[in-house]
Amino acid sequence: SDLERIEAKMTEIIKSDLAFERQEVSRDEALELFRSMGEDYKLELLEAIPADETISLYRHGEFVDLCRRIGAEPYICFNGLASPQENLDWVSYCNATEGPFAKLRRTNGHPEPFSVKFWSVGNERSGREYIDRVRDTARGMKAFDPDLQIMCSGAHGGKHAAVDDYLFEAAADHLDLISIHNYWMDRGDKL
């Protein structure tokens, strides 16, 4: 059956021990790491980051590889607090064929674009500030590639969850999907 084949494939992939990683490091740690790897281009990028900002390393090439191996499309959800530019940089890293982020992806060992089609701007966020970020990010993403499928968290919570009308007013023209998270069971304080 299909389920047995899927379970067998997933067992095989799990045994290959792929790592999915987000790591925060100090500026000195990042400098040391990139110097030890001979990553001159990453050192250039690091110099452009303000001294007081957190340095995050993301390693998700294996995630995209996993999706391709099992016949699935990767779906990447941005941090809902990231700026539109940070989100657009991630799209460029994954999908651009030219430019600094395409070069960085190639430096990281992935010469071809990941061609990620499905993106979400945040998860279980709400409010006007978030919706404005959704609009601005989605607008930039559609300018980069109008075929991207962009969604955001429209509502989340229990029986009183509702989609904010401002989402439709401000961002609807730039979105393809809305993710509704409704938790059907009212459990009170119990998990």
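**Close-up views of a predicted protein chain**

**View 1. The whole chain, seen through its contacts.** Residues 24 or more positions apart account for 68% of the contacts (heavy atoms within 4.5 Å) in the protein chain with a separation of 6 or more. This is a predicted model, in which local features need pLDDT of at least 70 and side-chain atom pairs count only at pLDDT 80 or more, while totals for chains, interfaces and linings use all residues. Residues are numbered from 1 along each chain as its sequence is written, and side-chain values use heavy atoms, leaving out hydrogens and water. Eight helices and six strands can be found here; these are DSSP runs numbered from the N terminus, with helices (H or I) of at least four residues and strands (E) of at least two. Of the 191 residues, 34% count as buried, meaning under 20% relative accessible area, with exposed over 50% and partly exposed in between (1.4 Å probe, protein chains only).

**View 2. Helix H5 and its cover.** Helix H5 spans residues 84-95. Its 12 residues reach 16 Å from the first C-alpha to the last, close to the 16 Å expected at 1.5 Å a residue (1.5 Å times one less than the number of residues). Among the buried residues of H5 are Asn87, Leu88 and Val91, and Tyr93 and Cys94 are buried as well. The cover over the buried residues of H5 includes strand S3 (75-78), helix H6 (100-107), strand S4 (118-121) and H7.

**View 3. Arg133 in helix H7.** Have a look at Arg133, placed in helix H7, residues 128-144. Arg133 counts as buried because its relative accessibility is 13%. Leaving aside residues up to four places away in sequence, Arg133 touches Gly80, Leu81, Ala82, Ser83, Pro84 and Val121.

**View 4. Lys117 in a loop.** Lys117 sits in the loop between H6 and S4. With 37% relative accessibility, Lys117 counts as partly exposed. Not counting residues up to four places away in sequence, Lys117 touches Glu73, Asp147, Leu148 and Gln149. Lys117 and Ile150 are 33 residues apart in sequence, yet 8.3 Å apart in space, C-alpha to C-alpha.

**View 5. Phe168 and a nonpolar surface patch.** Phe168 belongs to helix H8, residues 165-171, and counts as partly exposed because its relative accessibility is 45%. Together with Ile178 and Ile180, Phe168 makes a nonpolar surface patch of about 270 Å². Such patches join nonpolar side chains (Val, Leu, Ile, Met, Phe, Trp, Tyr) within 5 Å, and like charges within 9 Å, from residues with over 30% relative accessible area and no salt bridge (a side-chain nitrogen of Lys or Arg within 4 Å of a carboxyl oxygen of Asp or Glu). Accessible areas come from the Shrake-Rupley method with a 1.4 Å probe; for residues, only the protein chains shown count as cover.
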